[in-house]
Amino acid sequence: MRLYCFLLLLFFNSHFSVIAQDTLLFNEIRITTSIVKQTLFRTPAAAAVIDSTQLAMQTSVSLLPAFNAIPGVRMEERSPGSYRLSIRGSLLRSPFGVRNVKVYLNEYPLTDAGGNTYINVLSMNAINRIDILKGPDGSLFGANSGGVITFHTIPDNNKIETGMSGGSYGLFNQYMRLGFEKGKHTFGFTESYQRSQGYRDNSNLRRLYLQANEHWRYTEKRSLKALVFYSNLYYQTPGGLTKNQYDNDPAQSRPATATLPSAKEQKAAVYNNMLFAGITHETIINKQVEHIVALFASQVNFKNPFITNLETRKENTAGARTYFSIFNKQPDAVRLKWEYNIGAEWQQTGSDIANFKNNRGQKAALLAEGNIVSDQHFFFNRLKIELDKKLLIETGLSINYYRYRFTDSVLLKNRFRPQWMPRLAISYFPLKNITIRSAVSRGYSAPTTAEIRPSDNNLYTGLQPETGLNLEAGIRYALTGKLWLEVSAFSYQLSNAIVRQQNLTGTEYFLNAGGTKQKGIEWQINYTVFSAKQLNRFLQKIQLNSSNTVNRFTFRNYIVSNADYSGNKITGVPARSFVSNLLVRFKHEWYFFLQHHYSSEIPLNDANSVFAVPYNLFQLKFGCPVKIKNAQLSFSAGVDNIFNEKYSLGNDLNAAGNRFYNAAAARNYFCGVSYSRK
């Protein structure tokens, strides 16, 4: 039966997440970052959109299935709350979290000046849409070598919504959202609380999230937007297992050894309290010029009791982003249209870091302490030209500055050489439903503060930024309301790639590999098999989707301790993955949703001597909204990992003692109910 279902899904290339195309015509989907606002079909970049419809098909507690449905994007979870996210293989340097990918929340950089991004502080209940630009794009967004992700919060509207859900392993999630408009003001508020016991021992999770939005249109041409959120996150870290431990009891946490206590004894966990605030002023100067300025700040209190030590961080970030948009608003009959953007972004993060001996989760003797100030800023500009609606050209250039100052036992300063990041992209439209595009761009990502001063308490000031050149081409085909096809091919040559290592005690450190060769092909197909025009018809829609990623990522000129890994597969990156889904909608918006996710084997160390085995995951969800006058009551239920696959999601790469494996949850169930009223 299991094999039959697997072959059936492969045959139909079906899938479990409703892509944005379900609610919009294929060629009307829009990509929206802080500056770029255009249809996805015409965008001269490898881009993707995860909209509210797709997010609604998930469990309401994790973004992981939605991200993994996008070709070239991979999200992993070592335990509940311990996420990491990559675009085209950038997990190479991410033990957890996000590095070398620039992340924004609305107009504000969520990535701090030190290069770290805490995406796990965000609540899925506060996110309405996610836009993804794959491949380096520093011409507008500054230093990154993987891509750019923009999270959009729930829009403010006259609506009240609340809901709760629960499931296996003590899962509970509750949220409440409200929005109202009065005069020139629009206000929104989101609250959510989530907890879970987790599948493994020592993997509890708790997160409280509060968010408020305000939009004040105080004149016809001027407005203010404000955003503030507070997140209180706690999750336990069970630690990696050896192959024997994983085979015998995958749900156990890392046990004690002859020289080290267990993860449970040391109360290994992460405590992360984050307060973030931003304000944006928008001005329409005239019919051709607009100006936007955004100010933002954040405070993070971070504590991580680990097996070998206990680390605390107090991080304070402040920054600003401003730009002008100049364009010719002309009738559609005009042959030439253009838009020019010019601006700057600046950030500074101060980090007070202290490491102590860990006495069962409590601070003991001080081991090391220091202060780090990271400063990065860049100036950018972009020109977009559209000719005869047949040719679209985007060219951009930024210059990036990055420096840091350490005060540990000695004062250390480092100012990296300013880096130019150019980008040239072209889209050609031979027919109204076909786009042919190509792009060339430069990637650049400086080492983060957590890489220069990792958990082994040493300073690695010799770490150099990674740089690279990305070439790619693609084609899109859209048949309105019926078919969407996109194929992308890329070749990325990365130099001084930063990779993660572990010493004998399991604490991490980072070094520069000689470089990498990253070549890949990505494609996505969305096909509407059936769509009824009659509203009273029982069966309303059948939709299939398939996203596929094929990679050939290898090291080049990579030598560590006299071991030559050149030509080996890059650690932590599967050579192939595909996600397929099937959506069936019935009368009254009832739905049935099925997803399959396949990942090929994954190299777990640079020597390619150990691989994680391939896995197939199946998920299922039902939903039945019921309308009651101007309100709606929605019920949903589902099952994850239907066939009880045993797999490790979020492996520890190059792990000391061969403790590579972090077992993912076995078969589990969830259900929920929500109520909304306008």
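Predicted model: local features only at pLDDT ≥ 70, side-chain atom pairs only at ≥ 80, totals over all residues.

Colleague: Nice. What is the bridge partner of Leu-471 in strand 25?

Modeller: Strands of a sheet pair through backbone hydrogen bonds, either parallel or antiparallel. Here strand 24 (residues 466-479) and strand 25 pair in the antiparallel sense over 13 bridges. They form a hairpin with 3 residues between them, and Gly-481 in the turn has a positive phi of about 70 degrees. In strand 25, Leu-471 has as its bridge partner Ser-491.

Colleague: And which residue in strand 28 does Ala-489 stand opposite?

Modeller: Strand 25 also pairs with strand 28 (residues 515-531), in the antiparallel sense and over 13 bridges. Within strand 28, the residue opposite Ala-489 is Ile-521.

Colleague: Back to Phe-490: how far from its ring centre is the charged end of Arg-88?

Modeller: The charged end of Arg-88 sits over its ring, and the distance to the centre is 4.0 Å.

Colleague: Which strands are the edge strands of the open sheet?

Modeller: The open sheet has 5 strands in the order 3-8-9-6-7, with mixed pairing. Inside that order, strand 8 (residues 127-134) and strand 9 (residues 147-153) pair in the antiparallel sense over 7 bridges, with Lys-134 bridged to Gly-147. An edge strand pairs on one side only, and that describes strand 3 (46-50) and strand 7.

Colleague: Is Asn-106 buried or exposed?

Modeller: Most residues other than glycine have a negative phi, and most peptide bonds are trans. Asn-106 has a positive phi of about 55 degrees although it is not a glycine, and it lies in the loop between strand 6 (101-105) and strand 7 (108-109). Its relative accessibility is 15% and the cut-off is under 20%, so Asn-106 counts as buried.

Colleague: What about Lys-629, buried or exposed?

Modeller: Lys-629 has a positive phi of about 55 degrees and is not a glycine either. The loop between strand 36 and strand 37 holds Lys-629. With a relative accessible area of 85%, against a cut-off of over 50%, Lys-629 is exposed.

Colleague: Why does the pair of Phe-618 and Phe-643 tie together parts that are 25 residues apart in sequence?

Modeller: The structure holds 27 aromatic pairs. Phe-618 and Phe-643 form one that is edge-to-face, 5.1 Å centre to centre with 90 degrees between the planes. Phe-618 is buried at 4% relative accessibility, whereas Phe-643 is partly exposed at 24%. The pair ties these parts together because Phe-618 lies in strand 36 (residues 615-628) and Phe-643 in the loop between strand 37 and strand 38 (668-677).

Colleague: Last one: what is the relative accessible area of Phe-635?

Modeller: Phe-635 is found in strand 37 (residues 631-640). Together with Met-164, Trp-590, Val-626, Ile-628 and Val-673, Phe-635 makes a nonpolar surface patch of about 510 Å². Patch residues need over 30% relative accessible area, and partly exposed Phe-635 has 38%.

Methods. Residues numbered from 1 in each chain as written. Heavy atoms only, no water. Patch = residues over 30% accessible without salt bridge, like charges linked within 9 Å, V, L, I, M, F, W, Y side chains within 5 Å. Areas by Shrake-Rupley, 256 points an atom, 1.4 Å probe, with all protein chains shown as cover. Salt bridge = Lys/Arg side-chain N within 4 Å of Asp/Glu carboxyl O. Helix = DSSP H or I, 4+ residues; strand = E, 2+ residues; numbered from the N terminus. Buried < 20%, exposed > 50% of the residue type's maximum accessible area, 1.4 Å probe, protein only. Phe/Tyr/Trp six-rings, centres within 6.5 Å; stacked < 30°, edge-to-face > 60°. Lys NZ or Arg CZ within 6 Å of the ring centre and 35° of its normal. Pairing = 2+ DSSP bridges.
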